[in-house]
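Please keep the sequence and the three-dimensional view at hand while reading.

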Amino acid sequence: MSNTSRTENTRALLLGAARREFAAHGIAGARVDRIAESAGVNKQRIYAHFGDKEQLFRHVVGEAVGELSQAATLTDDSDPAAYVGRIFDYHRSHPDVLRLLLWEALHYGDSPVPDEEGRAALYDAKVASLSGAVGGTDSDTHVRHLLLTMIGLAAWPQITPQLTRLVLGRGPSDEQTQDQLRAYLMDFAGNAIPAPSSRS
C-alpha cells in the first residue's frame with residue numbers, strides 16, 4: 001500500500017470512528033482515546049490529520065451535512081411532498097446525522113457554526129428550487145419558512161422518539177409506524193403545498 005493510500009485509509013478509519021463516537025456522546029463526552037482505539041489507529045494520528053477534537057468534530061459534522069444535502073435534494077424533483085419523503089427516508093437510514101446536528105446545536109448554541117456561509121448556501125439552493133415549485137421568489141421569507149417547516153416535518157418524529165411513542169403509541173423505530181408516518185407526512189405536505197403541476 002502506498003503512503004497516499006495508507007494516509008487516506010487512516011483518515012477514513014478515524015472519520016468513521018469519530019462519527020460514531022460524536023453521534024453517541026457529543027463533542028464534550030467524546031474521547032479521543034476511544035476514537036483511536038475504535039479506528040485501530042494511534043491517537044497521535046488524530047492530531048496529525050485533524051488538529052484537535054473540536055476540529056475533528058467540525059470535520060465530521062461538515063461531512064455529514066454535505067452527504068445529507070446531496071442525498072435529499074430539491075433540484076432534481078422540487079415536489080414538496082417528495083422532498084419531505086426523501087428527508088424522512090434519509091434520517092431513517094442515517095440516524096447519526098440528526099444526533100450530530102443536535103450535539104452541534106447544544107455545543108454552539110446561538111453562535112455561528114463552522115462554515116456557516118457555505119452551509120447556508122446549500123439551503124439557499126434549496127430555497128431557489130422550492131420557490132419555483134410554489135411560485136415564490138428566492139428572497140421570499142414565506143418560502144424560507146416553508147423549507148424549515150418541511151425539514152421539521154420529516155425530522156421531528158425521529159429527533160424526539162419519546163414524543164412519537166407517546167402520541168402514536170409506537171416508537172419511530174417500528175417499521176409499520178415509520179411507513180404510516182412517512183405516508184401521512186407526504187400526504188400532508190402534498191395537500192398543504194401543491195406541487196407545480198397542480199398549480200394553474
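Read from one end of the sequence to the other, the chain follows the pattern α-α-α-α-α-α-α-α-α-α, and the tally is accordingly 10 helices and zero strands. The model is a predicted one, and the values below are computed from it.

**Overall architecture**

- Along its principal axes, the C-alpha trace of the chain spans about 60 × 40 × 35 Å.
- Of the 200 residues in the chain, 38% are buried.
- When contacts between residues at least 6 apart in sequence are considered, 61% of them join residues that are at least 24 apart.

**Annotated segments**

**Packing of α5 against α10**

- Helix α5, residues 80-93, and helix α10, residues 175-192, have axes that come within 7 Å and cross at roughly 155°; because the angle is over 145 degrees, α5 counts as roughly antiparallel to α10.
- The crossing in which α5 passes α10 is right-handed.
- On the α5 side, the contact is made by Pro-80, Ala-81, Ala-82, Val-84, Gly-85, Phe-88, Asp-89 and Arg-92, while α10 contributes Glu-175, Gln-178, Asp-179, Leu-181, Arg-182, Leu-185, Met-186, Ala-189 and Gly-190.
- Sorted by class, the residues in the contact of α5 with α10 are nine nonpolar, three polar and five charged.

**Packing of α8 against α9**

- Helix α8, residues 141-159, packs with helix α9, residues 161-168, at an angle of about 90°, and their axes are 5 Å apart; this angle lies in the range of 65 to 115 degrees, so the two helices are described as roughly perpendicular to each other.
- The residues that make this contact are Trp-156, Pro-157, Gln-158 and Ile-159 of α8, together with Pro-161, Leu-163 and Thr-164 of α9.
- By class, the contact of α8 with α9 has five nonpolar and two polar residues, and no charged residues.

**Ala-30, in a loop**

- Ala-30 is found in the loop between α1 (3-29) and α2 (32-39), and it counts as buried because its relative accessibility, 1%, is under 20%.
- Not counting residues up to four places away in sequence, Ala-30 touches Glu-21, Phe-22, His-25 and Lys-53.
- The C-alpha atoms of Ala-30 and Ala-18 are separated by 8.3 Å, the two residues being 12 residues apart along the chain.

**Glu-104, in a helix**

- Glu-104 has its place in helix α6, which covers residues 95-108, and with a relative accessibility of 6%, Glu-104 also falls under the 20% limit and therefore counts as buried.
- Leaving aside neighbours within four places in sequence, Glu-104 is in contact with Phe-57, Val-61, Gly-109, Val-113, Pro-114 and Arg-119.

Methods. Residues numbered from 1 in each chain as written. Predicted model: local features only at pLDDT ≥ 70, side-chain atom pairs only at ≥ 80, totals over all residues. Heavy atoms only, no water. Axes fitted to C-alpha atoms, helices over the stretch in contact; angles between N-to-C directions. Helix = DSSP H or I, 4+ residues; strand = E, 2+ residues; numbered from the N terminus. Parallel < 35°, antiparallel > 145°, perpendicular 65-115°, else oblique. Left-handed = near helix turned anticlockwise from the far one by under 90°. Contact = heavy atoms within 4.5 Å. Nonpolar A, V, L, I, M, F, W, Y, C, P; charged D, E, K, R; others polar. Buried < 20%, exposed > 50% of the residue type's maximum accessible area, 1.4 Å probe, protein only.
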